[in-house]
Amino acid sequence: MSYDPPRPAGRLLLTPEDKEAPDRTRRLRGLGLGDHPEPTLDAFAYALADLTGAPYAMVNFLGEEGQFFAGLHTPAVAPVVRADGTGALLGRTLPRDHGFCPHVVARRKALVLEDVSDYPRFAGNPVVDEFGIRSYLGAPLIDSTGMVLGTVAVTDVQPRAWGQPGLAAIKTQAADLVGRLERREGDGLPL
């Protein structure tokens, strides 16, 4: 596996190369996904946040240019305020080098980070500084063709002991969503 070079600022961030991005983008377009919010996926993200108790939950589709949260749940509070007095709100898009979902896509398996500061490779990720993210739990959305469409994930601004129950829950939710996406494709019906 090859990696993009570290950021010029000297961060230890190694975003995996994504050779499947062009094929994934075509597949997502064929499914009518990946470039606009989906109310049903927002509801899915809300339910995922409720299930895990996490303040942030997302259904993330990764394309050639970056990441798009077609389903998103964020807390109904003010943005994270950094030491310099500025704040940031999580929107629907992020660059490829932000967050941990690109790693899930490259690994093709779930990723559990109970405290990102325990992992130098992940502690330098821009979402740690920009949004205060301290823990992550995500699983890939792998369809019946073997394509990784994206991820379902939850994050928190506090370290979290997700444990085996959290891992099992995120994997189950990912499998359920893939089934719903493929039924949608076959039936032409909404999620």
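Leu-167 is buried, since its relative accessible area is 17% (buried means under 20% relative accessible area, exposed over 50% and partly exposed in between, with a 1.4 Å probe and protein chains only). This is a predicted model, in which local features need pLDDT of at least 70 and side-chain atom pairs count only at pLDDT 80 or more, while totals for chains, interfaces and linings use all residues. Residues are numbered from 1 along each chain as its sequence is written, and side-chain values use heavy atoms, leaving out hydrogens and water.

**Around Leu-167**

- Helix α6 (residues 163-187) holds Leu-167; helices (H or I, at least four residues) and strands (E, at least two) are DSSP runs, numbered from the N terminus.
- Beyond its neighbours within four places in sequence, Leu-167 is in contact with Ala-110, Val-112 and Leu-137 (heavy atoms within 4.5 Å).
- Gly-138 is 29 residues from Leu-167 in sequence, with 8.2 Å between their C-alpha atoms.

**Aromatic rings**

- Rings of Phe, Tyr and Trp (its six-membered ring) pair if their centres lie within 6.5 Å, and planes under 30 degrees apart count as stacked, over 60 as edge-to-face and the rest as tilted.
- By this rule there are three aromatic pairs.
- One of them is edge-to-face: Phe-100 and Tyr-136, at 5.3 Å centre to centre and 65° between the planes.
- Phe-100 sits in the loop between β5 (93-94) and α3 (101-107) and Tyr-136 in strand β7 (residues 135-142), so their pair ties together parts 36 residues apart in sequence.
- Phe-100 and Tyr-136 are both buried.
- Tyr-119 and Phe-122 are edge-to-face because their ring centres are 6.4 Å apart and their planes at 70°.
- Tyr-119 is partly exposed at 37% relative accessible area, whereas Phe-122 is buried at 8%.
- Phe-100, Tyr-119, Phe-122 and Tyr-136 make up one aromatic cluster.
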